[in-house]
Structures are given as structure tokens and as C-alpha cells.
Amino acid sequence: MLRKGFSSKTLKENKWDALVVGGGHNGLTAAAYLARGGLSVAVLERRHIIGGAAVTEEIIQGFKFSRCSYLQSLLRPSVIRELELRRHGLKFLKPKANSFTPCLDGRYLLLGPDSEANYSEILKFSKKDADAYVRYENQLLKYCNFMDFFLDSPPPETFPNFSSFNGRLRNKLEKSAFWATCLRHALSMGQNDMVEFMELLVSPVSKVMNTWFESDVLKATLASDATIGSMVSIHTAGSGYVLLHDVMGETDGERNLWSHVEGGMGSVSVAISKAAREAGVHIATNAEVSELMIEGSGIVNGVLLADGTRIQSSVVLSNATPYKTFVELTPQGILPDEFLHAIKQSDYSSGVTKINVAVDELPQFPCCTLGHPTVGPHHMATIRIGVESMEEIESACRDAWNGLPSRRPIMEMTIPSSMDKTISPPGKHVISLFTQYTPYQPSDGSWEDPAYRESYMKRCFTLIDEYAPGFSSSVVGYDMLTPPDLEREIGLTGGNISHGAMGLDSLFLMRPVKGWSGYRTPVRGLYLCGSGSHPGGGVTGAPGRHAANVVLGDVKRNAL
């Protein structure tokens, strides 16, 4: 079954060693590793363009939008190194500042990699907080080595279907090695730090912030990371984990540094696709999979495309969400009832509406004139709109819990064109707005109603005008993706950017569901390789890498 130098023909003329459903970054990553491991691989992408949620599209002429994901920090260094993504054109653009929170009273909070500058910035609001912030960052950095191990390791799942004694023994040894390494990390941190770490994981982010700080603007700035892409409140237990998940990223070894990608986030997917094609992967677009072909004995043998084409393979990896994979693509009567029930009960709710905006001039914030009238460090940062207090975040969330789009949405604004000159015409800019909270089915209207959609867009633009006067009048055009749009266009069930909630009950050995965290599924030969598997959401490449390694191990064992 392992074949080097395979010359791919048309899809239906071959029985492939492996098929990957979905050309998102994780699917492409899995395909690249599988092909490098000697398998003939085809990737089947429903849309006209690869990348999934990590995609760049020119929706408005001359303006290239990162339509969904918009910043890079979590892409695993192992994936960058092993797939030689820099050689394939991947280029990170490091901002001079990380976070900019403008305030309506004329002040602002600008945070970046310079600890002395951060101290001075926070001192404007609280000396106590300025002193505490260094300790806070150092405390989180202590957990990074453990988190790296967690992200870079597959879960130690028990797999009962190994038929051979050697297979069962190998599974036990792999699990033992994992837990032994966990123990070493715990011992290296010490009991006090380990207790602090566990408290961070299970606590509401509001409790974490109140423990460390007193100034509302700093607390809100940091806490907003914990609610990203979800419908959770700052008072939701376990939201501290998402905070840690977001602050532990890195760019070129620098922690907590979120960078832009030259050419937009689609450049990540393009670089991975180049590595995959170089290894011999066949990538097909406009190739929508309508059903998995599964034998009566519960063994996958290929896929059926929407145009009726049958493509054979004894290994299929799904980069689609768990719900899409098991409820919509798997024929009825195949999966165990308990497993299917668990998949259907998973939380796919999302509070995100992504708005990509083309503007004819750079937004200016009267509270901060650094670099005026040209690009300043605050333009390169993540700009937090409507996030001056914890109550603002909570109020926006309460609106959505009551079925209404937030009356004053909280927004992460980024201006990638402040650093990347390849994505907009000279003098003009691309703006990314990651807005919350917007329920999937609002109680006061419908996202299918153009007037309703426009009212939310105007609500967001008007709020930005409060901080950057004239923003609305600078808009050339925009592209708006509500939760139903994200589901329909990108394939994200419920509009959830992480293929499912990132709560503690949906992570690690419980992702996607308890008992099936190891990328294998109840259907023999069918694997998950997307963000619905460990370690979850974000542009990491980790699920794809782990799933490919599991497949290669299974193929090797079956070939013996």
C-alpha cells in the first residue's frame, strides 16, 4: 500500500491510498504528511478555492480579504519546520504593538513586546496593575512548555480494536509515555504553580482578571481573548483556558506575538498546499463530497461526489466538522447510537460575525496620534473596539443570550494592510472586524433579510465612528459573514470557527466526544483531521499532523 513517486491521474481512475475531505489548512497538512509517508493522496475541496477558514479572497476588486481567520500565532513550529513552509513562500509580518484599546475619555492602552513601554502604558490607569502585569505574564509563560507538549501530542486514547497483542501493547506503551511526560512537566512546575495552572484552567476569566488587576480597561482588554469565537460569558467557568490558548502562541519563537501573514491568511494554506503538491498530493477544487461510501461491515471504501463520481480508497480523512462528517456525510444506520447522540449534542454555537471592509483611507483615532497621519504602531496591533470595561463584554453577551445581536458589539479590528502592501491599492486599506455577539437565529429578525444584515453592519460602523471619526464615510465596500453564512460558505457547523466549543468538556480526551479522541472513528478507515479533533481550533496544523501520523501507523501495521 505504501508507494513512492506515485503519478496521479484523474480522481476516478485510481484507487487512492488516502482521500482527504476538505482542503482547509488541516486537511492540506494531513495530506502533505501522508504523501511524505509514501501514500498516494487526493484532497477534495468543495469550494473553488483551497484554505477553508484560512483563505484569502478578492471580494472587492483590488482588496484581498482574509475572510475568516485573520492573524497567525498558533501554527505549530513543527509544522512550519517539517513542511518547510518558509521555502514555500510563507512570510510573517511582526507588528510593533500587540494590542490597542482606545477609550472614549481620550486615553488609550497600547501593549506590545517592550515590557518597559507596557509598564508606562498601564501606569496611566493603575500603578498596582503596572507592577502586577509583569508577574502575570511571567506566570503564564511558566505554562507554555506544558501547553506546547499538550498541543504537539496526540491524546492518549484507548483504542480497543487492535486485534494483535503487539498492537495493544504498543497502545499501552504510548499512553504510559504520554502520562510520564505529563508528570515530568508537573514536577518541573512544582505544586504551587501546578495549582495555579489548574485554577486558571477551570476559572471564569473574570475571576482571573479580578485576582490580578483593578483597572477595568486592562481587565477587559485581556479578558476579551477568552471569549473569542464563542457564545460564552466572561463569567463562564473554564473560559480561562481559552485565554491561555490564545496567549501562548508565538511567532519565530516570540511568545504572545500575533503576526499578519503576507498575502493574507490564505498564504498559510497556499504554502502548505505547495508542500503537499511537492510530495505528490493531488488537490481538486469544486469537488464536493456528498456521502462517504461505507461497506455493510462498517469499513470505508471511498466517497461519492455531488456530481455522482465515485472515488475509491480504504482510508478517508475528514477535515469537515464532526457534525458534518457523522450526521450529514455518513449513511444512516452505520454509527453506534450512543456515539451519534454525543455528536449531535455537541455545542456548535457561535457568536461571531466577520466583516471584511475596504476603505479609502487609514482610520485615525484622536486618542492616539502616533505616526499621524501615516501608519502608527497602534494600526498594526489588534484594535479592541467597545472593550473599555468588563461590563461592556458581559452586556454584549447577555444581549445574544436573549436572542439579540449585541446592541454595542465588541470587536477586534485589524488592519493587515498597515504592514502588507500586497492586499490593497496604494493609499487604501483592508480592515478586518471580528465582531461579537450575534446569535445564529436572532429572535428579532433574520440574517436572510438584507435590511436586518445592513442594520447590524451600520451598528458596528457607527460604534467604530465613536473611536475613529469618519470611518463609515471611508468605506468603499464590505463582505459580511454571519454564523449561517460561515456555515453555508465555509462549512463551519453553527458558524463555530473551532469546529465545536472549546470548553473543558470538549477538549483533549473528550474531543470530539469521549472515547474517540484519537482521530480514529467507529468506521474503520475513517479518521478526523480537522479542528473538531484535538487540540481544537485555531490555525495550528496540529490536528492534521497528528491524524496523518495515526493513519501512517495504522497503514504500516496493516501492511505487516
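The model is a predicted one.

**Helix H11 and its surroundings**

Helix H11 runs over residues 266-278 and has 13 residues. From its first C-alpha to its last it reaches 18 Å, close to the 18 Å expected at 1.5 Å a residue. Its buried residues are Gly266, Ser267, Val268, Ser269, Ala271, Ile272, Ser273, Ala275 and Ala276. Glycine 280 follows H11, and its phi is positive, near 105°.

Serine 267 lies in H11. It counts as buried because its relative accessibility is 15%, under the 20% cut-off. Leaving out residues up to four places away in sequence, serine 267 touches Thr56, Leu90, Val261 and Glu262. Serine 267 and lysine 91 are 176 residues apart along the chain, yet their C-alpha atoms are separated by 8.3 Å.

How do H3 and H4 run relative to each other, roughly parallel or roughly antiparallel? The axes of H3 (residues 115-123) and H4 (residues 127-142) cross at roughly 150°. That makes H3 roughly antiparallel to H4, because the cut-off for this class is over 145 degrees. Their axes come within 7 Å. The crossing of H3 past H4 is right-handed. On the H3 side, the contact is made by Asn118, Tyr119, Ile122 and Leu123. On the H4 side, Lys127, Asp129, Ala130, Asp131 and Tyr133 take part.

The second pair is H5 (residues 144-151) and H6 (residues 165-189). Their axes are 10 Å apart and the packing angle is about 170°. H5 and H6 are therefore roughly antiparallel to each other. H5 brings Asn145, Phe146 and Phe149 to the contact. H6 brings Phe178, Thr181, Cys182 and His185.

**Cysteines**

How many disulfides does a search of the whole structure find? The search finds zero. A disulfide is a covalent bond between the sulfur atoms of two cysteines. The sulfur of cysteine 144 has its closest cysteine sulfur in cysteine 182, 16 Å away, so the two are too far apart for a bond. The cut-off for a disulfide is 2.5 Å between the sulfur atoms. Cysteine 460 is in no disulfide either. Its nearest cysteine sulfur, that of cysteine 397, is 16 Å away. Cysteine 144 is buried, with a relative accessible area of 4%. Cysteine 460 is buried too, at 0% relative accessibility.

Isoleucine 60 lies in strand E4. Not counting residues up to four places away in sequence, isoleucine 60 touches Phe65, Ala358, Gly477 and Tyr478. Isoleucine 60 and serine 239 are 179 residues apart in sequence and 36 Å apart in space, C-alpha to C-alpha.

Threonine 382 lies in strand E18 (residues 382-385). With the same exclusion of residues up to four places away, threonine 382 touches Leu71, Asn98, Ser99, Phe100, Glu412, Met413 and Thr414.

| Residue | Relative accessible area |
|---|---|
| Cysteine 144 | 4% |
| Cysteine 460 | 0% |
| Isoleucine 60 | 18% |
| Serine 267 | 15% |
| Threonine 382 | 7% |

Note on methods. Residues are numbered from 1 along each chain as its sequence is written. This is a predicted model: local features need pLDDT of at least 70, side-chain atom pairs count only at pLDDT 80 or more; totals for chains, interfaces and linings use all residues. Side-chain values use heavy atoms; hydrogens and water are left out. Helices (H or I, at least four residues) and strands (E, at least two) are DSSP runs, numbered from the N terminus. The expected span of a helix is 1.5 Å times one less than its number of residues. Buried means under 20% relative accessible area, exposed over 50%, partly exposed in between (1.4 Å probe, protein chains only). Axes are lines fitted to C-alpha atoms, for helices over the stretch in contact, and angles run from 0 to 180 degrees between N-to-C directions. Angles under 35 degrees count as roughly parallel, over 145 as roughly antiparallel, 65 to 115 as roughly perpendicular and the rest as oblique. A crossing is left-handed if the near helix is turned anticlockwise from the far one by less than a right angle, and right-handed if clockwise. Contact means heavy atoms within 4.5 Å.
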